[in-house]
Amino acid sequence: MKTSAPRIPVSIVTGFLGSGKTTVLTRLLAHPQMGRTAVLVNEFGEIGIDDVLLRQVSANVVLLDSGCICCMIGDDLAARLLELLAQREARSIPPFERVIVETTGLADPAPLLQNFMAEPLAAAPLRMAAVVTTVDAVNGARQLDEHVESVKQAAVADRLLITKTDLVEPAATASLVGRLQQLNPSAALHQIARGEIEPELILDAGLWNAQAQRIDVERWLNARALTGRTSTRHGAAFHASHSSIPPRHEAIDTFSIRWEGPVRFEEFSDAIEKLVSRHGEGLLRIKGILDVKDSGPVVVQGVQTAFYPPIRLASWPAGADRASTLVFITRNISRKLIESEFSLVAHKR
């Protein structure tokens with residue numbers, strides 16, 4: 001386990017076709033606070049680069065008048081990020097302090113996240129900051145019905161942005177909000193119109209709270225959204241809620257498990273390894289905090305078959321009740337199976 005170290009934060013901005021992520025990104029790049037940001041996009045033309053282009057820095061890099069560096073991703077995100085880091089080190093491009101990656105509308109964000117947990121990016125001075133997903137208030141409900149990619153984009157998000165809210169009735173937006181909260185209750189959710197957005201909604205969306213300059217586990221887990229759904233089983237408390245996904249996606253499930261008292265990290269690791277080996281592709285998102293015996297609070301998170309290195313916190317967050325809490329978003333995995341595995345972990349402490 002490691003403690004948090006200063007690394008360049010990378011935020012993933014994803015969302016289904018037409019969900020407004022490009023409009024959001026265009027508005028974001030015009031904000032003065034976005035200076036010293038590297039933005040990776042699929043094509044320069046998608047964000048109206050001609051309107052804000054200041055000068056060509058290299059073949060695939062342009063400098064915007066906001067001070068941002070804008071780059072084309074190409075076919076290999078890892079190679080592109082490493083190339084940017086090398087150019088930054090050689091001072092052939094302006095220095096940057098953060099990175100934003102915009103995915104294509106049909107992208108599954110899970111493989112991108114897994115890039116940050118594997119070589120060569122795992123050894124690079126980068127950290128996965130957050131996944132921000134845009135959902136179209138006009139077409140979002142239909143897209144969730146018809147496209148599993150849309151469901152997965154919402155399921156892995158740290159923050160959900162409902163766009164185009166000015167184009168629909170409030171009741172339609174409220175219905176979509178309720179559905180997304182059931183699908184991913186731990187993600188903070190914001191409604192925006194015409195792409196107008198404050199940088200904090202993207203830059204401050206993950207585990208690290210930039211304004212408070214600290215790891216903010218309670219906000220990251222969105223603990224308030226997980227309360228009120230508690231039942232007791234085998235001495236461990238389980239919070240559970242099913243997503244209201246239509247029949248073709250009914251295998252998507254969202255729930256959390258929680259137990260009191262310290263656990264042995266080895267037992268937790270064994271349970272996770274068993275789940276990954278048998279059902280890894282269905283573990284869309286796992287995140288939480290453990291009360292680890294002889295170590296104290298430890299933050300864990302993973303996507304499908306890959307997990308970030310656990311982060312040991314110096315102390316429990318202020319006001320925390322020191323209970324282990326894990327949030328799961330799964331596909332085609334029985335909730336009872338996971339409850340059973342982690343009931344054993346709780347009892348082996």
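1. Arg 285 is found in strand S15, residues 283-292; strands here are DSSP runs of E with at least two residues, helices are runs of H or I with at least four, and both are numbered from the N terminus. At 5% relative accessibility, Arg 285 counts as buried. The cut-offs are under 20% relative accessible area for buried, over 50% for exposed and in between for partly exposed, with a 1.4 Å probe and protein chains only. The side chain of Arg 285 reaches the backbone oxygen of Val 156 at 2.6 Å. Leaving aside residues up to four places away in sequence, Arg 285 touches several residues, among them Ala 155, Val 156, Asp 158, Trp 220, Gln 301 and Phe 328; a contact means heavy atoms within 4.5 Å.

2. On the basis of the note: this is a predicted model, in which local features need pLDDT of at least 70 and side-chain atom pairs count only at pLDDT 80 or more, while totals for chains, interfaces and linings use all residues. Residues are numbered from 1 along each chain as its sequence is written, and side-chain values use heavy atoms, with hydrogens and water left out.

3. The loop between S15 and strand S16 (296-303) holds Asp 294. Asp 294 is exposed, at a relative accessible area of 76%.

4. Helix H11 runs over residues 265-279, 15 residues in total, and spans 21 Å from first to last C-alpha, close to the expected 21 Å at 1.5 Å a residue; the expected span is 1.5 Å times one less than the number of residues. Its buried residues are Phe 265, Phe 268, Ala 271, Ile 272, Leu 275 and Val 276. Seen down the axis of H11, these fall within an arc of 130 degrees, so they line one face of the helix; the arc is that of the directions from the helix axis to the C-beta atoms. On the other side of H11, Glu 266, Glu 273, Ser 277 and Arg 278 are exposed.

5. A search of the whole structure finds 0 disulfides, a disulfide being a pair of cysteine sulfur atoms within 2.5 Å. The sulfur of Cys 70 has its closest cysteine sulfur in Cys 71, at 6.4 Å, too far for a bond. Cys 70 is buried, with a relative accessible area of 0%, and Cys 71 is buried, also with a value of 0%.

6. A cis peptide bond joins Glu 119 and Pro 120, with omega about 5 degrees. Pro 120 lies in the loop between helix H4 (109-115) and strand S7 (126-136).

7. Arg 36 has a phi near 65 degrees, a positive value in a residue other than glycine. Arg 36 sits in the loop between helix H1 (21-29) and strand S2 (37-41) and is partly exposed, at 40% relative accessible area. Gln 304 also has a positive phi, near 55 degrees, and is not a glycine. Gln 304 is in the loop between S16 and strand S17 (306-307) and is buried, at 5%.

8. For the chain as a whole, the secondary structure comes to 12 helices and 19 strands. Of its 349 residues, 53% count as buried. Among contacts with a separation of 6 or more, 74% are between residues 24 or more positions apart.

Terms used
Polar contact = N/O pair within 3.5 Å; in protein donor to acceptor, adjacent residues only side chain to side chain.
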